[in-house]
Amino acid sequence: MRLDDAALLERMFYKLSSETRWRRFFMPLDNIDADLVRRESARLAKVHPEREVALLATVVEGGREEGVAVARYGRMGDGDECAEASIVVRDDFQSAGLGAQIFDLLVQVGLARGIHHMILLTHADNTGMIGLVHHLGLPYSGKYTSGLYEIDLRLADNEPPFFPFSQH
């Protein structure tokens with residue numbers, strides 16, 4: 001994620017369905033003020049490298065770059081080995097494997113930076129997100145609370161990160 005990606009995030013937000021917005025942000029956002037979307041997009045594009053990682057997948061549509069998926073984590077409190085993670089994929093790119101790919105890359109970056117746990121919060125009926133975590137093949141535990149599912153994805157006891165394009 002770069003600072004100048006705020007416009008991509010803003011345009012991507014408006015291409016998310018009501019359901020996808022609800023699943024990602026936990027509130028209805030159909031009538032949100034455009035200035036608030038612009039400010040939040042700018043805030044989310046400012047990544048603090050020591051504490052956060054944000055990956056943005058893009059495509060070229062109509063001759064311009066557009067965001068289609070974002071995966072991010074932020075270290076939690078003083079526990080630098082634990083991070084809260086999230087992902088959103090634009091509706092027209094869901095169920096094509098992009099979410100699994102970008103989230104797997106986020107996990108690899110987290111491992112390389114000393115993250116041992118990623119905490120994800122999702123709606124209890126979000127089978128796409130729960131399936132994505134299960135598909136990763138990493139150990140995890142989950143607990144249901146008030147219609148939400150908190151997933152603790154354990155990274156530390158696994159293989160070291162492998163970046164296929166950085167090795168000969």
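**Close-up 1. The charged end of Arg-21 over the ring of Phe-13.** In this predicted model, the charged end of Arg-21 sits over the ring of Phe-13 at 4.2 Å from its centre, a charge being counted as over a ring if NZ of Lys or CZ of Arg is within 6 Å of the ring centre and within 35 degrees of the ring normal. Arg-21 counts as buried at 8% relative accessibility, where buried means under 20% relative accessible area, exposed over 50% and partly exposed in between, with a 1.4 Å probe and protein chains only. The side chain of Arg-21 also meets that of Asp-30 in a salt bridge of 3.8 Å, N to O, a salt bridge being a side-chain nitrogen of Lys or Arg within 4 Å of a carboxyl oxygen of Asp or Glu. Asp-30, at 44% relative accessibility, is partly exposed. Phe-13 itself belongs to an aromatic cluster with Tyr-14 and Phe-25; rings of Phe, Tyr and Trp (its six-membered ring) pair if their centres lie within 6.5 Å, and planes under 30 degrees apart count as stacked, over 60 as edge-to-face and the rest as tilted.

Residues are numbered from 1 along each chain as its sequence is written, and side-chain values use heavy atoms, with hydrogens and water left out. Because this is a predicted model, local features need pLDDT of at least 70 and side-chain atom pairs count only at pLDDT 80 or more, whereas totals for chains, interfaces and linings use all residues.

**Close-up 2. Leu-29 in the loop between helices H2 and H3.** Leu-29 lies in the loop that separates helix H2 (18–25) from helix H3 (34–45), helices (H or I, at least four residues) and strands (E, at least two) being DSSP runs numbered from the N terminus. With 11% relative accessibility, Leu-29 counts as buried. Once residues up to four places away in sequence are set aside, Leu-29 touches Phe-13 and Arg-21, contact meaning heavy atoms within 4.5 Å. The C-alpha atom of Leu-29 is separated by 29 Å from that of His-135, which is 106 residues apart from Leu-29 along the chain.

**Close-up 3. Glu-10 in helix H1.** Glu-10 is placed in helix H1, residues 6–14, and is buried, with a relative accessible area of 18%. Not counting residues up to four places away in sequence, Glu-10 touches Val-37, Arg-38 and Ser-41.

**Close-up 4. The largest nonpolar core and the contacts of Met-118.** A nonpolar core is a set of buried Ala, Val, Leu, Ile, Met, Phe, Trp, Tyr and Cys residues joined through side-chain atoms within 4.5 Å. The largest one holds 31 residues, of which Tyr-73, Phe-103, Leu-106, Val-107, Met-118 and Leu-153 touch the most other members. At least two residues of this core come from each of strands E1 (52–61), E2 (64–76), E3 (79–89), E4 (117–123) and E6 (148–154) and of helices H4 (98–112) and H5 (127–136), and the largest share, seven residues, is supplied by H4. Leaving aside neighbours within four places in sequence, Met-118 is in contact with residues including Tyr-73, Phe-103, Leu-106, Val-107 and Leu-153. Another core, of nine residues, lies apart from this one and has Ala-6, Leu-56, Val-70 and Val-88 among its members.

**Close-up 5. Ser-86 on strand E3.** Ser-86 is found in strand E3 and, at 15% relative accessibility, counts as buried. Its side chain makes a polar contact of 3.1 Å with the side chain of Arg-24; a polar contact is a pair of N or O atoms within 3.5 Å, where within protein one must be able to donate a hydrogen and the other to accept it, and residues adjacent in sequence count only if both atoms are side-chain atoms. Not counting residues up to four places away in sequence, Ser-86 touches Arg-24, Val-70, Ala-71, Arg-72 and Phe-103.

Close-up 6. The side chains of Arg-64 and Glu-66 meet in a salt bridge of 2.7 Å, N to O, in which Arg-64 is partly exposed at 44% relative accessibility, whereas Glu-66 is buried at 3%. Through shared partners, salt bridges join Arg-11, Lys-15, Glu-61, Arg-64, Glu-66, Arg-90 and Asp-92 into one network. The count for the structure comes to 15 salt bridges.

**Close-up 7. The stacked rings of Tyr-144 and Tyr-149.** Tyr-144 and Tyr-149 form a stacked aromatic pair, 4.4 Å centre to centre with 25 degrees between the planes, and the structure holds three aromatic pairs. Tyr-144 is exposed, with a relative accessible area of 56%, whereas Tyr-149 counts as buried at 9% relative accessibility.
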